[in-house]
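Here is a short briefing on one protein chain. Please look at the sequence and the structure first, then read the notes below.

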Amino acid sequence: MNIPEQLSPQQALICSMLLMAAAGGQVDDQELAQMTRLIQDLPAFAELAPDEVARSTEACLPLLQRSDGLDRAFDLIREALPPRLRETAYLLACDVAAANGDASQEELQMLQHLRIGLELDRLVAGAIERAARARYQVL
């Protein structure tokens, strides 16, 4: 599999979700369902053709199989997105982490790496995390 030289903005957003889902070792059904809902519902994906989701996943998967894949993925995501959409990428990753309840230690570490890789302010990232946590609370 070839590592892409660049990602489209939608590919970058999907890649951020896929990286988070893979952080725990394997992608579970709740995470897949969450990613599907986000792609179907959010305006950032309004112009995305259905077959583009598979291409976006295929563009990101080779990055997961390399020792330097995460660093390269963060570079590609950061380069594909303006700063305001980097916050969206982080929010999407938080939503995937929250999909199956409490975030695991691996997911929390991935969020930290993603925050640094996307060059997000720590306070902004904390506010996004807090909003995601509040949104997914159960009674």
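**The largest pocket**

The lining of the largest pocket divides into nine nonpolar, two polar and three charged residues. Here Ala, Val, Leu, Ile, Met, Phe, Trp, Tyr, Cys and Pro count as nonpolar, Asp, Glu, Lys and Arg as charged, and the others, Gly among them, as polar. This is a predicted model, in which local features need pLDDT of at least 70 and side-chain atom pairs count only at pLDDT 80 or more, while totals for chains, interfaces and linings use all residues. Residues are numbered from 1 along each chain as its sequence is written, and side-chain values use heavy atoms, with hydrogens and water left out.

- The largest pocket holds about 380 Å³ of space.
- Among the 14 residues that line the largest pocket, Ala98, Gly101, Asp102, Ala103 and Arg133 are the closest to its centre.
- Two or more lining residues come from each of α5 (83-98), α6 (105-117) and α7 (122-135).
- A pocket is an open set of points on a 1 Å grid over the protein atoms alone, where a 1.4 Å probe fits, with protein on both sides within 12 Å along at least five of seven lines; lining residues have an atom within 4 Å of a point.
- Grid points are joined across faces, edges and corners, and the volume is the space filled by probe spheres set on the points.
- Helices are DSSP runs (H or I, at least four residues), numbered from the N terminus.

**Helix α1**

- Helix α1 covers residues 9-22, and its 14 residues should span 20 Å at 1.5 Å a residue, which agrees with the 20 Å between its end C-alpha atoms. The expected span is 1.5 Å times one less than the number of residues.
- Because 11 of its 14 residues are buried, α1 is largely enclosed by the rest of the structure. Buried means under 20% relative accessible area, exposed means over 50%, and partly exposed lies in between (1.4 Å probe, protein chains only).
- The buried residues of α1 are Gln11, Ala12, Leu13, Ile14, Cys15, Ser16, Met17, Leu18, Leu19, Met20 and Ala21.
- The cover over these buried residues includes α2 (29-41), α3 (50-64), α4 (69-80), α5 and α6.

**Three residues of α1**

- Proline 9 has its place in helix α1 and is partly exposed, at 35% relative accessibility. Leaving aside neighbours within four places in sequence, proline 9 is in contact (heavy atoms within 4.5 Å) with Ala80 and Leu81.
- Proline 9 and glutamine 40 are 31 residues apart along the chain, and their C-alpha atoms are separated by 16 Å.
- Serine 16 also belongs to helix α1, and at 1% relative accessibility it counts as buried. Apart from neighbours within four places in sequence, serine 16 is in contact with Ile77, Ala89, Leu92 and Ala93.
- Leucine 18 lies in helix α1 and is buried, with a relative accessible area of 9%. Not counting residues up to four places away in sequence, leucine 18 touches Met35, Thr57, Cys60 and Leu61.
- The C-alpha atoms of leucine 18 and leucine 70 are separated by 11 Å, with the two residues 52 apart along the chain.

**The largest nonpolar core**

- This core has 41 residues, of which Leu7, Met17, Phe45, Ile77 and Tyr90 touch the most other members. A nonpolar core is a set of buried Ala, Val, Leu, Ile, Met, Phe, Trp, Tyr and Cys residues joined through side-chain atoms within 4.5 Å.
- Two or more core residues come from each of α1, α2, α3, α4, α5, α6 and α7, and α1 gives the most, with nine residues.
- Leaving aside its neighbours within four places in sequence, leucine 7 is in contact with Ala12, Cys15, Ala59, Leu76, Ile77 and Ala80.

- Leucine 114 is found in helix α6 and counts as buried, at 1% relative accessibility. Beyond its neighbours within four places in sequence, leucine 114 is in contact with Phe74, Ala89, Tyr90 and Ala93.
- Glutamate 119 lies in the loop between α6 and α7 and counts as exposed, at 54% relative accessibility. Glutamate 119 has a positive phi of about 60 degrees although it is not a glycine.
- Aspartate 28 lies in the loop between α1 and α2 and is partly exposed, with a relative accessible area of 22%.
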